[in-house]
Amino acid sequence: MKILVSDSLSDEGLAILRDSGIPVDVKTGLTEDELCGIIGEYDGLVIRSGTKVTKKVIDAGSKLRVVGRAGVGVDNVDIPAATEKGILIMNTPSANIVSAAEHSCAMIMAACRNIPQAHESMHKGEWKRSKYSGIELNGKTLGIIGVGRVGGEVAKRLKHFNMKLLGYDPFLPPEVAEDIGVKLTTLEDVIENSDIMTIHTPLLPETRNMISMPQFKMMKPSAILVNVARGGIVNEDDLYTALKENIIAGGAFDVWCEEPLCENEKKLLELENLVTTPHLGASTAEAQERVAVEIAHSVIKYLRDGEIVNAINAPRGKLDEELAPFLPLAEKLGALAYQLNGQRPIDSLEVSFNGQISEKDTRMLNLSVLIGIMKNIVGPSANMVNVASLAKSKGISIKESKSKDAMVYDSTIGVRIETKGDVFDMVGTVVAHTPRLVGINGFRFELVLEGGIMLARYTDTPGTIGAIGKVLGDNGINIATMAVGRDVPRGTAVMALSVDSPIPEEVLRKVDVAAGFDDSKYAFIE
């Protein structure tokens, strides 16, 4: 058994690895081909952000069992390829929070007081006090996009500078934000009214280019934009134009679309009103020691003892073999419930275990339901380790119930969510190792829980199925399976369809008109 460390790691982390008795090699700065040439010798790989663990690397890792990422982001790891090969991916989900928050505050101060520019000017022998006059934070409005763990820590610090705190976070209940002094509002309100705006969201399809030229034109001409979250959330070409043409006053950026910067990005370095750092958000001695120590312990526990902690693509601990088929069911139910609920903030969640499964230790299944929900909110960083705290930070109240009665199935899992008084619940089970949806809001049916799913509630009348099929067929969408549950003939019914391709919003509305539905919904379950 051997471990390869392919990026720099603190001495404390290396010492833990070496003290385990497992041979450790440190080889940094490897190209993809060089890494592929040697990875076949190793059971464990410890990385930071520098090493790209591509599918090619994974395929070459014939003995590889675990990849440990000393840090939060796993953008540099092909997680689906690793999962397919049975390789465990671990990270350190909470070790960088304080460092990232403090760096955000430092960048805000540096941009407001022109500290880097004044420093460079003095080192040239100049003394230009009036040129580098800054602005106070006192009385200014701080806009926080993403009031999660890092954004919340920034808020706690900067409210002591007597700043007014506005926040945009569609997944956070207002009372949770109010506890830390942040008034939640719309994204447009934050953009229009912030003197300083700081970004703390994950990079997801819906957040990519979230801040582009239309948003820059909404901002105050005196505004300063700060990003210590992820490159790609701000459109860098539009950022250059906004700063160059003084559409906004300044910026401070620690993260970039490409790291190190590509040639096109380097034009940003020409701008005197942009403060820049090379992704230093987690680069403190304390954070580096924490992530190195955490990942070293995690990798050793897995390789030596078979214990899973800080896992991205597997549950924590050792799972009862009888429960293993229910893990994907639980996650899929969580994802489906969240999407069909209209992606609204959830006030409460109840997970129920019925039948034989109720007599088991269901903690991991509970967490799997949460992962299905939270992955739709924070992205792939949600895992068995951090998902409970993530849900708590979003103000979700969680309850578990058990019953030995499971109706016609040996075991079922129920997921019930409540949002502003609206209740939505569903039931699933496993049949022949396949997750199945067997009920929604009291209506019973059976549908394989995978891929694209359309759900509609309607009055049961002749011709409904044909009307749906025609609209979907006219738009090139093939129905794979269909299930219907109803209370009485020609009464209220619920229809669930699985389809082979996504259903666009405009096609859903055509289905509503043709079939007489009130509001059909579409979700995609991996």
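This is a predicted model: local features need pLDDT of at least 70, side-chain atom pairs count only at pLDDT 80 or more; totals for chains, interfaces and linings use all residues.
**Nonpolar patch**

I started with a nonpolar surface patch of about 220 Å², made by Ile465, Met482 and Val484. My rule for patches takes residues with over 30% relative accessible area and no salt bridge, joining nonpolar side chains (Val, Leu, Ile, Met, Phe, Trp, Tyr) within 5 Å and like charges within 9 Å. A salt bridge here is a side-chain nitrogen of Lys or Arg within 4 Å of a carboxyl oxygen of Asp or Glu. Areas come from the Shrake-Rupley method with a 1.4 Å probe, and for residues only the protein chains shown count as cover.

Residues are numbered from 1 along each chain as its sequence is written, and side-chain values use heavy atoms, with hydrogens and water left out.

I then placed Val484, which is in strand β20 (residues 479-486). Helices (H or I, at least four residues) and strands (E, at least two) are DSSP runs, numbered from the N terminus. Val484 has a relative accessible area of 36%, so I put it down as partly exposed. My classes are buried for under 20% relative accessible area, exposed for over 50%, and partly exposed in between (1.4 Å probe, protein chains only).

**Negative patch**

Which residues form the negative surface patch? I got Asp11, Glu12, Glu102, Glu286 and Glu289. Helices α1 (11-19) and α12 (285-305) are the elements that give two or more residues to this patch. I took the place of a charge as NZ of Lys, CZ of Arg, CG of Asp or CD of Glu. Glu289 belongs to α12 and is partly exposed at 35% relative accessible area.

I stayed in helix α12 for Ile300. Is Ile300 buried or exposed? With 4% relative accessibility, Ile300 counts as buried. Leaving out residues up to four places away in sequence, Ile300 touches Ile3, Leu17, Ser20, Ile22 and Asp305. Contact means heavy atoms within 4.5 Å.

Thr141 is in strand β6 (residues 141-145) and counts as buried at 10% relative accessibility.

**Salt bridges**

How many salt bridges does the rule give? The count is 26. I looked at a few of them.

Lys55 and Asp59 pair at 2.9 Å, N to O. Both lie in helix α3 (residues 55-60), four residues apart, which is about one turn of the helix. Lys55 is partly exposed at 46% relative accessibility, and Asp59 is partly exposed too, at 38%.

Lys128 and Glu126 meet at 3.7 Å, N to O. I have Lys128 as partly exposed with a relative accessible area of 38%, and Glu126 as partly exposed at 27%.

Asp237 bridges to Lys267, with the closest N and O atoms 3.3 Å apart. Asp237 sits in helix α11 (residues 236-244) and Lys267 in the loop between β11 (250-253) and β12 (274-276), so this pair ties together parts that are 30 residues apart in sequence. Asp237 is partly exposed at 37% relative accessible area, and Lys267 is partly exposed at 24%.

I also found one network in which salt bridges with shared partners join Glu505, Arg509, Asp512, Asp519 and Lys521.

Most residues other than glycine have a negative phi, and most peptide bonds are trans, so I went after exceptions.

Glu259 and Pro260 are joined by a cis peptide bond, with omega about -5 degrees. Pro260 is in the loop between β11 and β12.

Asn441 is not a glycine but has a positive phi of about 50 degrees. I found Asn441 in the loop between β17 (434-440) and β18 (443-448), partly exposed at 29% relative accessible area.

Arg490, another non-glycine residue, has a positive phi near 65 degrees. Its place is the loop between β20 and β21 (492-499). Arg490 counts as exposed, at 61% relative accessibility.

Terms used: Lys and Arg count as positive and Asp and Glu as negative; His and the chain ends are not counted.
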